[in-house]
Amino acid sequence: MNNQTAFIKKTEYIDAHCHILPGVDHGAKDAATAFGIAESLKALGFSSCYATPHFYFYEETVEDFISRRDISFFNTPFPDGFKVFPGAEIAYETGISKRCDLSKLTISGTDKVLIELPMKRFSMKTVEEFYDIGHRHGVKIILAHAERYLPYMTFREFRELSNIDDIMFQINLYSLTHLKTKLFLRRLLDNGVNVIFGTDIHEPDIRLFHSEKGIKYLEKALLPVVFERMMHCQEVIL
């Protein structure tokens with residue numbers, strides 16, 4: 001083990017995007033599956049995760065979603081030493097800042113909300129609404145799996161989003177098996193963007209295997225000071 005890997009191995013990882021709660025969305029199918037996912041994450045070096053089931057404001061109220069999520073959370077056992085912080089993965093739609101109270105969907109104990117964009121051409125009006133979300137609801141945004149929007153956004157548009165106060169870009173670990181994502185991550189970091197990572201695990205499948213590859217890539221490819229910056233972004237959330 002080289003000095004760089006030894007430095008990184010001292011760190012306990014936080015999974016910033018995980019569909020581990022059973023019965024809330026199309027994530028873990030039952031409590032046994034959720035427990036197994038948590039055990040697998042622990043084996044990869046994760047000490048905690050943000051449980052972020054999908055929330056679609058046009059399908060249910062915030063209150064109904066929270067009720068379903070919390071029933072699952074409080075009735076699902078997890079391995080000793082593994083912490084789960086309930087939150088949501090909010091599907092962005094134009095006007096969402098005025099249609100529901102996003103402050104109720106923060107990751108537990110934080111002022112952060114995880115938001116995913118639709119898979120379509122990006123509009124600069126989204127930047128304006130992200131600002132509105134922050135000011136209207138008193139929250140800070142984490143952009144879910146930012147690499148997925150590469151076909152729909154220019155890097156200049158990513159930079160416009162990154163100028164929003166305290167925004168963070170979340171990258172899926174399993175996507176780091178692709179050169180395009182590796183180059184995108186490096187460009188974000190070179191431009192001073194706050195980046196965190198997650199598994200986006202829904203079930204114990206190939207994503208878990210490739211997430212391990214993603215971790216190994218980060219261990220080998222990033223300088224310790226850069227990796228430490230990423231980990232600091234993860235830790236300041238809690």
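This is a predicted model: local features need pLDDT of at least 70, side-chain atom pairs count only at pLDDT 80 or more; totals for chains, interfaces and linings use all residues.
## Salt bridges in the model

The model holds 11 salt bridges. One of them joins two neighbours in the numbering: Asp70 pairs with Arg69, and their closest N and O atoms lie 3.0 Å apart.

## Pairs that link separate parts of the chain

A salt bridge also connects the side chains of Asp111 and Lys140, with an N to O distance of 2.9 Å. Asp111 belongs to the loop between α4 (96-99) and β6 (112-116), while Lys140 is in strand β7 (residues 140-143), so the bridge ties together parts that are 29 residues apart in sequence. Asp111 is partly exposed, with a relative accessibility of 26%, and Lys140 is likewise partly exposed, at 24%.

In another salt bridge, the side chains of Asp200 and Arg148 meet at 3.0 Å, N to O. This pair links distant parts of the chain, 52 residues apart: Asp200 is in the loop between β9 (195-198) and α8 (206-221), and Arg148 is in the loop between β7 and α6 (155-162). Asp200 is buried, with a relative accessible area of 2%, but Arg148 is partly exposed at 27%.

Salt bridges with shared partners also form a network, which joins Lys98, Asp132 and Arg136.

## Helix α5: length and end

Helix α5 covers residues 125-137. At 1.5 Å a residue, its 13 residues should span 18 Å, and this agrees with the 18 Å that separates its end C-alpha atoms. After α5 comes Gly138, which has a positive phi, near 65°.

The buried residues of α5 are Thr126, Val127, Glu129, Phe130, Ile133 and His137. Because these residues cover an arc of only 165° around the axis, they lie on the same side of α5.

The opposite face, turned away from the buried side of α5, carries the exposed residues Lys125, Glu128 and His135. Among the elements that cover the buried residues of α5 are α4, β6, β7 and α6.

Notes: Residues are numbered from 1 along each chain as its sequence is written. Side-chain values use heavy atoms; hydrogens and water are left out. A salt bridge is a side-chain nitrogen of Lys or Arg within 4 Å of a carboxyl oxygen of Asp or Glu. Helices (H or I, at least four residues) and strands (E, at least two) are DSSP runs, numbered from the N terminus. Buried means under 20% relative accessible area, exposed over 50%, partly exposed in between (1.4 Å probe, protein chains only). The expected span of a helix is 1.5 Å times one less than its number of residues. The arc is that of the directions from the helix axis to the C-beta atoms. Contact means heavy atoms within 4.5 Å.
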